Amino acid sequence: MAEQTLFLFVLMSIFISLNAQKYQFEYFQMVQQWGPAVCTESGVHCFAQPKPLFTVHGLWPSNFTNPYLPCPPGVTFDQSQVTALVPQLETYWPDLLDGNDQKLWKHEWEKHGTCSDPPFNVLQYFQTTLNIRTRYDVLNILNVAGFGPSSSNQVNYSDIEDPIKAITKKKPHLRCNHNGVTKERQLLEIVLCFADDGVTFIHCPTLNKQCPDKFIWLPQHSLVTNQVCLA
């Protein structure tokens, strides 16, 4: 009987350990999206005209074997948990697609944020995200370097990567989509990568290269109507 109990205990310990490893994160992807590119992708319709700036898509706990971790159920998001942050969240983390900011924040916490809890609770997760967004304004970095958005010129991958790398000392990652009108590849997202403390920059791991060597980066687009889509 004692041997059976010990065997079951060992099996349970292994199961718990493997399950914990499944959700263990090693670094953060801080994903910022360019509003005009979000709203000009084929089949996507936004709630309102997006401002020409990078807004937060999400802060995604990742590991080096799986950049898109499946996260366990955790603390349910409630806006009262981040009341003090709401003005900043509305500015830097708006829902471009259907205008329901709280729904987006809830989605990002429950899909990604719970992988970081512990050590980050709901408030710490959103505060960490805002700290990164407000401290490292990638649009300003690129404008200062002379590589801002243009309605006529293509940009090189290195035109975007190099100025950011010069400031952070680490390599970012770029993602592109297809413009629904011109069918060209356009800059959609810039990813900054951080160690699991949410503070220390690291090189973004080699991810699927979704941007070609040259692409467009449009400053604005025509307003289209609402269609809900969360990623």
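Predicted model: local features only at pLDDT ≥ 70, side-chain atom pairs only at ≥ 80, totals over all residues.
Residues are numbered from 1 along each chain as its sequence is written, and side-chain values use heavy atoms, with hydrogens and water left out. Local features need pLDDT of at least 70 and side-chain atom pairs count only at pLDDT 80 or more, while totals for chains, interfaces and linings use all residues.

**Disulfides**

Start with the cysteines. Taking a disulfide as a pair of cysteine sulfur atoms within 2.5 Å, the count is four. In sequence order, the bonded cysteines of the chain pair 1-2, 3-4, 5-8, 6-7.

Select Cys176 and Cys211, whose sulfur atoms are 2.0 Å apart. The link is right-handed, with 100° about the S-S bond. Helices (H or I, at least four residues) and strands (E, at least two) are DSSP runs, numbered from the N terminus.

Next, select Cys193 and Cys204, with sulfurs 2.1 Å apart. The S-S torsion is about 105°, so this disulfide is right-handed.

**Strands β4 and β5**

Stay with β4, residues 173-178, where five of the six residues are buried. β4 runs antiparallel to β5 (residues 185-195), joined by six bridges; strands pair if DSSP finds at least two bridges between them. His173 is opposite Val191 in β5. The hairpin has six residues between the strands, and Lys183 takes a positive phi near 70° there.

**Aromatic rings**

Rings of Phe, Tyr and Trp (its six-membered ring) pair if their centres lie within 6.5 Å; planes under 30 degrees apart are stacked, over 60 edge-to-face, the rest tilted. There are 15 aromatic pairs by this rule. Select Tyr136 and Phe201: their ring centres are 4.8 Å apart and the planes stand at 80°, so the pair is edge-to-face. Tyr136 sits in the loop between α5 (122-135) and α6 (138-144), and Phe201 in strand β6 (residues 201-202), 65 residues apart. Both Tyr136 and Phe201 are buried.

Then show Phe77, Trp93, Trp109, Tyr125 and Phe126, which ring pairs link into a cluster.

**Last stop**

Finish at the second largest pocket, lined by 14 residues; Gln49, Pro50, Lys51, Pro94 and Leu96 lie nearest its centre. A pocket is an open set of points on a 1 Å grid over the protein atoms alone, where a 1.4 Å probe fits, with protein on both sides within 12 Å along at least five of seven lines; lining residues have an atom within 4 Å of a point.

Technical notes
Buried < 20%, exposed > 50% of the residue type's maximum accessible area, 1.4 Å probe, protein only.
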